[in-house]
Structures are given as C-alpha cells and as structure tokens.
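This report is written for a reader who has not seen the structure before. Please look at the sequence and the model first.

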Protein chains: 2
Amino acid sequence: MTYIQGGVCAAQGFRASGIHVGVKTNNTDKKDLALIIADHLCNAAAVYTKNVVQAAPILVTKDHLKNGKARAVLVNSGNANACAPQGVENANKSCAVLAATLGIDPADIIVASTGVIGQKLPVQVIVDGIPQLVQNLSYTGSQNAASAIMTTDLAMKELAVEFELNGKSVRIGGIAKGSGMIHPNMGTMLAFLTTDCAISPDMMQQALIHATNVSFNRVSVDGDTSTNDMLSLMASGMAGNGEIVSDGVDYQIFLAALCDICKEFAKMIAADGEGAQHLITCIVRGAKTEAEAEALSKSVISSTLTKAAVFGADANWGRVICAMGYSGVAFDPEGVAITFESAAGKLMVCAHGRGLSFDEDLAKKILQEHDVTIDIMMDAGKAECTCWGCDITYEYIKINGDYRT
Amino acid sequence: MTYIQGGVCAAQGFRASGIHVGVKTNNTDKKDLALIIADHLCNAAAVYTKNVVQAAPILVTKDHLKNGKARAVLVNSGNANACAPQGVENANKSCAVLAATLGIDPADIIVASTGVIGQKLPVQVIVDGIPQLVQNLSYTGSQNAASAIMTTDLAMKELAVEFELNGKSVRIGGIAKGSGMIHPNMGTMLAFLTTDCAISPDMMQQALIHATNVSFNRVSVDGDTSTNDMLSLMASGMAGNGEIVSDGVDYQIFLAALCDICKEFAKMIAADGEGAQHLITCIVRGAKTEAEAEALSKSVISSTLTKAAVFGADANWGRVICAMGYSGVAFDPEGVAITFESAAGKLMVCAHGRGLSFDEDLAKKILQEHDVTIDIMMDAGKAECTCWGCDITYEYIKINGDYRT
C-alpha cells in the first residue's frame, strides 16, 4: 500500500469542487461550500456523532443512506445547521436544488455542515452558489473541496492510498476537517472518503465502523463531542475487482488500507487541533485488554493538565499516571513505567510507579519537538493501544473565547 | 444557621497553626505545613479520591481512621507524596515525630499532602519544622493553617457556621484548598472540617458522603481527578448536645449545615480555579431524575469549549446544548431552554432547542460579570441539580504549562 496524490478524487470516478458562497460572512476569501460527485451511483455508508443533539444534515443523511446508495456529497462550513430554525427544511432545500442542477435524485445526496451551532443556515447563499459549484467540478478538484470544509483548521487535510486487490489496483482517498470540538466518540469531525473498490454497502458499513474505532475515535482535542460529526464513504466500483461481499482476504486487505488512511487523517486532525503546537501520541502497552489500553491512553491524551504540561515542555509525568488513575481502569500503579520520546531522544521518567531522577534538560528538549510520544508500559498483559491528541495553548483559548464573531 | 468567623477553630476544642518549613523550596514566604489539633480525642471520618493512583498519605490516613478516632491533622503543601519513593515511610515518619512532640498516638493523626506528584517528600524539613509548628498552635490559628495548605490557590478558604441543635449552639468550621486537578469525583481537593457537635463516627461518615456528593462532587475546574483528594471531619462533642447516633431530626439539622458549608467551600474552589476569571453556576431544572440533572450540569461545567466561551463573554449556547448531548443522558433537545444570567441581567438565548435572536450587547454584559449562571430548563420532569465550575483562561495554561519549577 502506498500513499498517492489526488485526495478525494484519487479513486476512479470522482470529481470535486469548492468555492466561497457567503456562509462565512466575515471572510470572503475563505471557501465555504464543497461538492464531491461520483460519475455513477455508488454504494455508500457512513458513521455519525453519538451526541444526543444531532445537526439537521445528520438526520437528512441518515435517511438518504438507508438504501446504501449515494451519488454526491454537499458540505458547507461556517454554520453547523444544528439547533437552528428550519434545519431539516434547509438541508432538504440544498439537496433539492443540487439534485435538480445535477439531474440526480435528492435522496442520493450526503449532506453535511460544520460551524457555529444554533444560527439559521443562510440557505439562499448556498442555493445561489450551487450552479458555480457544479460548474467548477473537476477530477483534480480535491484541494478545493478540502479547503472549503475547513473552519478553524490551519492545515488542509487530503489523503489517498493505492493498493492491490486480487490483481487490480484499488484506491481510497478522502478529505477531512477537524480542529475543535474533537473527542473520541465516532469521528468527532467531518471526513468524506471515496474508493473505486467494488464493495457492498454492508461490508462498507462494517469496515467504516471498525476503521473509525481504531482511528478517529482515538483522537481527542478538547473532550467535546460535536453535534455534526460524520464520516462517509462512497464506492464507485470502477477498480474492476470482484465485489467484496463477505469477510474474506479481499475484505481484510481493503480494511487494512481503510484503517491506515483513517489513522493518518486522525493524526492530522490531532496535530491541527485548535491552537496546537504539538501532536501527542500516547501508546499504552502491556495492558490486560485492548479496551483497557484504549481507556488508559484516551484518558492521558484527554487530560487538560497533561496537555498543558506538553505545551510547557514540562516532563510532569505525575499528571500522566494521575490521568490513568481516573480512567476507570483498575491497575497496579507499581507496574507502570513512563517514557517520553521524540526526535530529540528517549527518556524513562517513571518506573514501578515511582519517579526516576532524570536529565531535565534532555526532557525539555524531547518535549519541545512537535511530535511527542508518551510511552506507557504496564505489566498487566499483552494488549496495547495508541491514541492521539494535542497540547492546549493560549491560542486554543483565544480561538474559542470568541468563536462566533 | 449563620456563617461565623474562626474557620477550622470556630468549633470548641480546636487549635491550628501554619508555617513555612521548606517543602516549597522556590518561595520561602509561602507557608507549607499546617496542623490542626483537638483538645481531646475526637470522633472522625473522611472521604477520599477515587483515583486508582492514591498518594501515600491517603493510604496512611485510611489506616489511621479505621477506628473512627482522630486527634490531629497534619498537612503539607508543595509536594503530593504520590508516586514518590518511600511515600508511606515518609508519611509515617511525619506522624511519628508529630505524635512524639504532642504526646499522642500516631494512629490518631490524619495526614495529607498536596503539590507535585512523583517527587520524594523532603521529610526532614517537615520533621525539623514540627516543634515550631506545635509551638504556634492557637485557638485563632485557622488562617495560618488555611494559607499553609494553598498551592496555586489565590484565595485562602476558611468558613464556619453556627446553628442550634436541641437547644445547644453547635459549630462546624473548616479550611480547604483547591485550584487545579479538580473534577467531580470525591472532594477533588483538600478540606479539613471540625465540629463541636457530638456525633458518632458512623453518622459522621454517612453525613460526609452525602455532603460531598452534593457539593465537592459537583465542582469541576479541569476534569482531572487528583491522587490526593481528601475531606476529613473531626467532632469534639464539646457543644454538649446529645450524641447523634441515628438518622433523626438532629442528624438532619447537622447534615443540612454540613451540606451548606461544603457547598460554599465548593463554590470557593470553583471560583478560585487555576487562572479563573469567572465562577460558572449551571442549574439544570425539569430533568427526569436528580442523577440525570447532575450528569447534564456536570457535562456543561466540564466542557472546555463552554469554559472558553465564558472566558470570552461569548454567548455561545450551542456549546452548552452540545455538552448536554454528550453527557450520556437521553433527552429531547426540543424541550431545552437556556438562559444566561448574572448581576447584569437575564437573557433566554435558546427555547425548544432552537436559537432565539437576542441582544448580543446585553449577553456580553451578562457574561462579563464574575458570577455567571447558565440556567437550563428541560421538560422531562421535576428534578434539578446545580454544579459549579470556572472559565478556562490564558492564565490556566500559563500556570500548568510549567508547574513543577
């Protein structure tokens, strides 16, 4: 499996575009409407936020994907269309106008929104923008779509992989956005994937759930699970492989590639967390079960105090073991060893649950690198899990202290 | 019931002192060792952190309180004595030296620590300081003890109440510290209470658990549950009331006073959260059960994004309903109304789960006040709950980015 260019258009049969239509009123330079369209009707699947409060486009998309088919993805940034008046009506209206313009069934459209909660979607600017959006569609349009779904993201997120399946070359590509309101519970962001693999909707759904659980659900930026999270996958089948309809070798190869690209997206989202200066990777090894390893690792990357310590390049491992202690997992603290690691070096700071004396200067150098790993070794078993997070910074507070204006 | 002066020495039969001995090496002006002593052996009870990783003094105190009796409380700040070499030995050594100096049984000492995790307790400076600490004991020494248990706290926390029980005047007083690593799960801080009420250890324990659940467990500063949290209560019995040994009217009167003082301490801790500029009170009303109201309210005051919005005086109620949505409680978003309230006014910003158009200037004025209330009305039942938190600020990041040095 290799990473390739092309993002959400890397797989055969997908075009994309992204333009500014005016949902983002305060910045006319920023794109705010994205479209992905398949040449033909695709098999499709999606996973959604588990927040009890769900944005209107989530409700509409769930309905549209009941038949496991989709043709297009329409996304706006700048307004979440959640807890907003006429939310479902406005999502439906966007779909209806797009469908009429494209000559497709509105029920084959995946619709998504991201931005401020509780404000009415300015649906007319979306409707007015659709002709231009459709006109701009291109087989090399992934970056336009990727930039149009960004909110406070600093980095555009697009990825694609290529791998061989039974002699055929298959691609999975996608675009994603993250940044704030990111916490392990479903995707906690938006990501739209395409593939030319031939695969049934049922197997796609199964693969998406698995891939989400080992990738996006292992990322935390701020502990807030959004109302709008969605991850969708459309499969054009144009790679020409025999359709995957059950859990055999082909499925496992497809799943491995899907998990890999989702993990890379997850890391990109963590690294681009609002205001983040560090990507924090926490590996828990030697745990009793993978579920326990995951709970411990998530607790560490979600700990505000640990995040603040990494921001300050302070090797305060006490906060790491403290966060493990309130994770809900029972364990023997005396079996814990903690190592900080980065490109600058590797330093064990705690063994048998007790502090070691260590080189503070080296510790600082290690933690000043952009990518920092907290490696936790336990003596409870053989299971392990890796989760990803970021530090908390002045900039995070600034971004979120005045987000709506 | 009325609030009175005197703090932890307000109840009859208690002296206190607090001095600098050198646990806090970087600031010789700051007191770091506190002592509370009863004139006679007291009935005693305590509740502790539920963190799996427990500091050495927690283990020692649990052992000492098995018989429901205590005579003194010894507390150092500046070092948590958690995950530290010779933790239990050092806690025991402090108790042994204090016991010898006072002529009491070491097993009648409640010992506690707060500060950095993982560093060896400088027990010799504590031992060397004990004679001076004992010499300074005074019936008006509460403020010295209160200031000696502070870490990043900006405000000293002492309170006392007086109430009548069966014709006798009874007092409950105490000192507390909070600031960081504060999250609802046991006390999430240190608090030491005294009373002259005559009450059995069993009833004290029952009352403490109840009072903790409706006060300290409803506070969150940063979602991190500490390794060192402890709340203890000593009862001298000198008020002369008939000993409370069962759940009758006298117990209810005592419990009401205990809950009240604990709630006031809880609010003081939230308001003095690290870097906090606002006390946030979240009231959830009209919930199905008190447990659901509490889960919803806790989720709101724990939401980093909501905290950042209050810091920025941004009426971003979408983050409030989003936090409710991931609280784990099932509810109908369309039954939710949200009102922001403070000394500057009152403004409903969301009704039936939808945004209302509102006066943004008034909203800003309301949120710029120090004490801000988020009032959430649901249509699910008649239960309610209030929790307390604070905003997240640049200062929080600064404090926690470099805490150990």
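**The chain.** The model is predicted. Chain A contains 11 helices and 16 strands. Its radius of gyration is 22 Å, close to the 22 Å that the globule rule gives for 405 residues, so chain A is as compact as a globular protein of that length. Taken along the principal axes, the C-alpha atoms of chain A fill a box of roughly 70 × 50 × 35 Å.

**Symmetry.** Chain B is superposed on chain A by a rotation of 180°, with 0.0 Å of shift along the axis and an RMSD of 0.0 Å. The two copies are thus related as by a two-fold rotation axis. In chain B, the C-alpha nearest this axis belongs to Y394(B), at 2.6 Å from it.

**The interface.** Of the interface residues of chain B, 100% are also interface residues in chain A, so the copies meet through the same surface. The table lists values for the two chains together.

| Item, chain B and chain A | Value |
|---|---|
| Residues in contact | 55 residues of chain B with 55 residues of chain A |
| Buried area | about 4300 Å² |
| Part of the buried area from carbon and sulfur atoms | 59% |
| Salt bridges across the interface | zero |
| Residue pairs in polar contact (both at pLDDT 80 or more) | eight |

Four elements of chain B each supply at least two residues of the side that touches chain A: α8 (304–311), α9 (317–325), β14 (354–355) and α11 (394–401). The residues of this side of chain B divide into 27 nonpolar, 17 polar and 11 charged.

**Salt bridges.** Over all chains, the count comes to 24 salt bridges, while the interface of chain B and chain A has zero. One salt bridge joins the side chains of R354(A) and E334(A), at 3.0 Å from N to O. The pair links distant parts of the chain, 20 residues apart. R354(A) lies in strand β14 (residues 354–355) of chain A, and E334(A) is in the loop between α9 (317–325) and β12 (337–342) of chain A.

Terms used:
Residues numbered from 1 in each chain as written. Chains lettered and ligands numbered in written order. Heavy atoms only, no water. Least-squares fit on C-alpha atoms with pLDDT ≥ 70 in both. Contact = heavy atoms within 4.5 Å. Buried area = accessible area lost by both parts, 1.4 Å probe. Salt bridge = Lys/Arg side-chain N within 4 Å of Asp/Glu carboxyl O. Polar contact = N/O pair within 3.5 Å; in protein donor to acceptor, adjacent residues only side chain to side chain. Nonpolar A, V, L, I, M, F, W, Y, C, P; charged D, E, K, R; others polar. Rg over C-alpha atoms; globule rule 2.2 N^0.38 Å.
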